[in-house]
Protein chains: 2
Amino acid sequence: MQFLEALDAALPEGRLVLDPGVVAAYSRDQAAWAPQGKALALVRPEDAEQVRRVVALCAEHRVPVVPRGAGTGLSGGANAVDGCVLLALDGMDRVLEIDADEQLAVVQPGVVNDHLRAAAAGHGLWYPPDPASSPWSTIGGNAATNAGGVCCVKYGVTRDYVLGLQVVTAAGDLVRVGRRTRKGVAGYDLAGLFVGSEGTLGVITEITVRLLRLPDSPPKTIVGAFGSLVDAGRAVAAAAASGLTPSALELVDRYCLQAVDDWKNMGLADLGDVLLLGRVDTGDEQEAGALQACFDEAGAVFSTRSTDAEEAEALFAARRLAYPALERLGPVLTEDVCVPRGLVPEMLSRIEGHARTHGVHIANIAHAGDGNLHPLIVVPAGDDGARARAQSAFEAILDDAIALGGTVTGEHGVGLLKKRGMHAELGEGVLALHRAIKSALDPAGILNPGKIL
Amino acid sequence: MQFLEALDAALPEGRLVLDPGVVAAYSRDQAAWAPQGKALALVRPEDAEQVRRVVALCAEHRVPVVPRGAGTGLSGGANAVDGCVLLALDGMDRVLEIDADEQLAVVQPGVVNDHLRAAAAGHGLWYPPDPASSPWSTIGGNAATNAGGVCCVKYGVTRDYVLGLQVVTAAGDLVRVGRRTRKGVAGYDLAGLFVGSEGTLGVITEITVRLLRLPDSPPKTIVGAFGSLVDAGRAVAAAAASGLTPSALELVDRYCLQAVDDWKNMGLADLGDVLLLGRVDTGDEQEAGALQACFDEAGAVFSTRSTDAEEAEALFAARRLAYPALERLGPVLTEDVCVPRGLVPEMLSRIEGHARTHGVHIANIAHAGDGNLHPLIVVPAGDDGARARAQSAFEAILDDAIALGGTVTGEHGVGLLKKRGMHAELGEGVLALHRAIKSALDPAGILNPGKIL
C-alpha cells in the first residue's frame with residue numbers, strides 16, 4: 001500500500017508499528033464505554049519533525065490521525081477511528097529546559113506529569129495541575145484535554161499554566177504559538193485554543209509551561225466524615241460561601257471507600273459514609289480552623305485536622321485509588337459534570353435520585369470545592385439491562401448539570417462520550433462557531449475526526 | 001441612503017448619531033499616532049439585541065463595524081475605518097449581577113473598570129485587572145484587548161478572569177460562550193479566543209468575570225531610587241530570580257517624574273533618576289524586606305518601605321499620571337514590549353541606545369516585574385523630522401524585543417500600530433492560522449477590518 005510505504009520511508013527504523021497486538025493496545029483510552037475503530041497503523045515519532053512528516057503524509061493521503069499520550073483519558077478522545085494512524089507521542093518524553101529565573105519549563109508532549117513536577121521541584125519550583133492520573137498521564141495529553149486535578153480549586157487548570165506550544169497543523173506545518181514572556185497579546189490566543197481541543201485542531205509537539213514557587217509551609221489536612229452526600233455537599237457550599245480558598249477539597253463516598261478497603265484493606269469505610277478531604281497550604285491555622293468549622297456546622301459526624309504528612313498522604317492516596325478500585329468491580333461509566341459550588345448539594349441529591357430511578361449503582365468522587373463531580377456508574381460485566389439503564393442515568397445527569405447552570409465536562413473533555421451532552425449545553429449557534437473553526441484549521445477533517453464535533 | 005434608513009428603523013430614537021462633531025469624537029482612541037478613517041455613522045445601542053440588529057444590518061449591507069468602549073486604547077484598535085459604523089458600547093454600563101457565593105460578576109461591556117471594582121468591594125470581593133486607564137476604560141474594552149495593569153505581575157490579566165461572554169457574531173447571531181462554573185472543557189475555548197481579538201471576531205455584549213476575595217492585609221510599599229535605568233533593571237531581574245511575588249513592581253524614569261512634577265508640582269524628581277515602586281500584599285514583613293534587599297543590592301541610592309496608605313497612593317498616582325503628563329509635551333508614541341524578566345536591564349539599555357542613535361526623547365514607565373516595558377517616544381508637535389526618527393526608533397525597539405525572545409505587545413494590543421511588528425514576531429505560518437480563523441468567523445470581513453491583520 002502506497003501510503004504505508006511512504007510512512008515507513010519517512011520515519012526511522014521501528015517507528016512505524018503494524019503488529020496487530022501493539023496497535024490494539026494503543027487503540028483506546030480508559031473510557032471503558034466509548035467505542036473504538038480499527039487503526040491502520042501506529043507511529044511513535046522521536047521528534048517534532050517526524051510528527052510533521054506523519055501529519056503531512058496523512059493530509060496528502062486523507063488518512064485520519066489520532067494523536068495520543070499515555071491513554072489515560074476518560075472520554076474516548078484517544079480512541080482509534082477506522083483506518084486511522086495512531087500517533088503516539090509517549091516516546092517524546094524529554095524535559096527540554098527549566099528556566100528557574102523566568103519560572104518556566106519547556107517539555108516534549110510525552111513527559112509524564114509527575115516527572116515534570118519532580119524536575120521542577122529540583123529548582124524549588126512547582127507545576128500545579130495534578131490530575132489523578134499524574135503518575136502516568138503526559139503533559140501533551142494534559143494540554144490537549146485541559147486537564148484539571150486536585151489542587152485546581154486554588155491554582156487553576158492546565159490552560160492557566162500553558163504559555164506557549166509548538167504545534168503541527170493539519171496542513172503539516174510546524175508552528176509556534178503563544179509566548180515565553182509573562183504577558184503577551186500579539187494576535188489571537190491560539191495557544192489557549194489548541195489547549196483543550198483534544199487533538200482536533202493540531203498535534204502538540206512541545207509545551208512551555210509557567211511554574212510557581214514550591215509553597216513554603218507544609219499543608220494542613222482537614223478531614224470531615226458525614227452521614228450523607230447532601231450533608232457533605234452542604235459543607236462544600238458553606239466553604240465556598242465563606243470565601244475560604246483551600247488548596248484541595250475532595251469528596252469520596254462510602255461506595256468508593258468500601259471499594260478501596262476491599263482492595264487495599266485500609267479500613268476507610270469505618271470513618272463515615274462520606275469523607276471530605278480538605279487541604280490548606282497558606283500556613284494559616286485560622287483558615288484550617290474555619291474550614292473545619294464549615295464541616296462541623298454542616299453536620300459532620302466526625303472532623304479532625306492534621307499536619308502529619310504521612311496520614312494526610314494516605315487519605316489522598318485513597319482518593320486517587322477510588323477509580324481503579326471501582327474498575328475492579330466492572331466497567332465504569334465516568335461522569336465529569338461541574339456545577340456552581342453552591343449547587344453541589346442539589347446536584348448530589350439529583351445524582352442519588354437517578355441511581356434510584358434508573359436502578360444503578362453510582363459511586364461519587366468529586367473535586368467538590370470546584371463543583372466538579374465524578375459520579376461513577378458501575379455495572380456488573382455482561383449485564384446488558386444494567387448497561388442500558390446506566391446509559392440513561394449518564395445522560396440524565398448531564399441534563400441536570402446543564403439545568404443547574406453547569407457543564408457536562410469540567411476537566412475530562414468531550415471525546416466520544418459527551419458529544420450529545422455538549423451539543424445540548426452549547427446550542428446550535430455556538431456549535432456553528434466550533435464547526436467553522438474546525439473547518440478553518442483542518443479543512444480535510446483528518447485530525448481526530450468524530451471527536452468533540 | 002437605504003442602509004442608514006434601515007439602521008435608524010432598527011434602533012430607538014436618538015441611538016443613531018450622524019452629527020459630524022459627535023461622530024468625530026468617537027472616531028479614535030488614545031493612540032495619537034495611529035491613522036483614522038471617516039465613519040459613516042455612530043450607534044449607541046442600549047442592549048444586546050440592538051447590537052445584534054446593528055451587526056446583522058451591517059453584515060447584510062457589507063458595512064464595516066468598529067466596536068468601541070471608552071476609547072482609551074493605545075494602539076488605534078478602535079479607530080474609525082472609512083465608511084464604518086462606530087458601535088459604541090459605553091452606554092451599556094450596568095453591573096447585572098454579583099454572586100458573592102460563586103465569586104463572580106456579570107456586567108455589560110460599558111461598565112467602567114473601577115466601577116466593577118467598587119461594586120465587587122461592596123461584597124468583600126475584588127476584580128484584580130487594573131490598567132492605568134481603570135477610572136475610564138470599560139470591561140468590554142478590557143476584554144477585547146486582554147488588558148493588563150499594575151497588579152497583573154501577581155494576579156494575571158483580563159483573560160485570567162473572564163469566565164464567559166455573550167457575543168454578537170459577524171453573522172448577527174447572539175451567542176453565549178464560556179461558562180459560570182469554576183471549570184469547564186465542553187468544546188473549544190471560544191471565550192478565550194474572543195478575549196484579546198480586538199473586535200475582529202465578534203462584538204462582546206456581556207462579560208462574566210471571576211472575582212477574588214479582597215486581600216486581608218494592607219499592602220506594604222517598597223520604594224527604590226536608582227542612578228540609572230540599567231541599575232533599576234538589575235533590581236527587577238534580581239527580584240525575579242529570588243522568586244518573590246510582589247503584587248506590583250513598577251518603574252518610572254526621570255523623564256516621567258519631571259513631567260509629573262512640572263504638571264502637579266509633586267517634587268518626585270528629587271527622589272532619584274529612576275524609581276521602582278514595589279508592593280507586597282501578603283502581610284509578610286520578610287517578603288517586603290527581601291524585595292528591598294534586591295533594590296539595595298542592585299545599587300539603589302535610596303530605599304524605604306512603608307505601610308502609610310496615603311504616601312503609597314501618592315507614589316502610585318504619580319505612576320498613573322506619567323502618561324497624561326507626557327501627552328502635555330507632545331504626541332506620544334507608546335511602546336508596549338514585553339521581554340523575559342531577566343532581560344529587563346538589557347532591553348532598557350537597548351532602548352537608551354535607540355534614543356541616542358535615533359535622536360529622540362524616550363521616557364520609560366514599565367510594569368517591570370512582568371518584563372512589560374512602555375518606552376514612550378515624545379516628539380515636539382509639528383517636528384516632522386523628529387516624527388520620522390521616532391517611527392524608526394519605535395520599529396527598532398519592537399525588533400529588539402523579538403530578538404530577546406519577547407513580544408511586541410504585552411497588554412495594549414496590536415490595533416494599527418503594531419501590525420508590522422506582530423507579523424515579524426509570529427511569522428507566516430502562524431499568520432496563516434490567524435487569517436483562517438478570521439475568515440471562518442467573519443467571512444465578509446466586516447468586523448473591525450484592518451486591525452491586527
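UniProt positions are quoted in the numbering used here, with feature names shortened, and such annotations may be inferred rather than shown by experiment. For chain A, UniProt lists residues 35–214 as "domain: FAD-binding PCMH-type", in an unreviewed entry. This is a predicted model, in which local features need pLDDT of at least 70 and side-chain atom pairs count only at pLDDT 80 or more, while totals for chains, interfaces and linings use all residues. Residues are numbered from 1 along each chain as its sequence is written, chains are lettered from A and ligands numbered from 1 in the order in which they are written, and side-chain values use heavy atoms, leaving out hydrogens and water.

Now to the interface. Chain B places 71 residues in contact (heavy atoms within 4.5 Å) with 70 residues of chain A.

How many salt bridges are there between chain B and chain A? The count is eight, each being a side-chain nitrogen of Lys or Arg within 4 Å of a carboxyl oxygen of Asp or Glu. In one salt bridge, Lys183(B) meets Glu411(A), at 2.8 Å from N to O. On the side of chain B that touches chain A, H14(B) gives the largest share, 12 residues.

Technical notes:
Helices (H or I, at least four residues) and strands (E, at least two) are DSSP runs, numbered from the N terminus.
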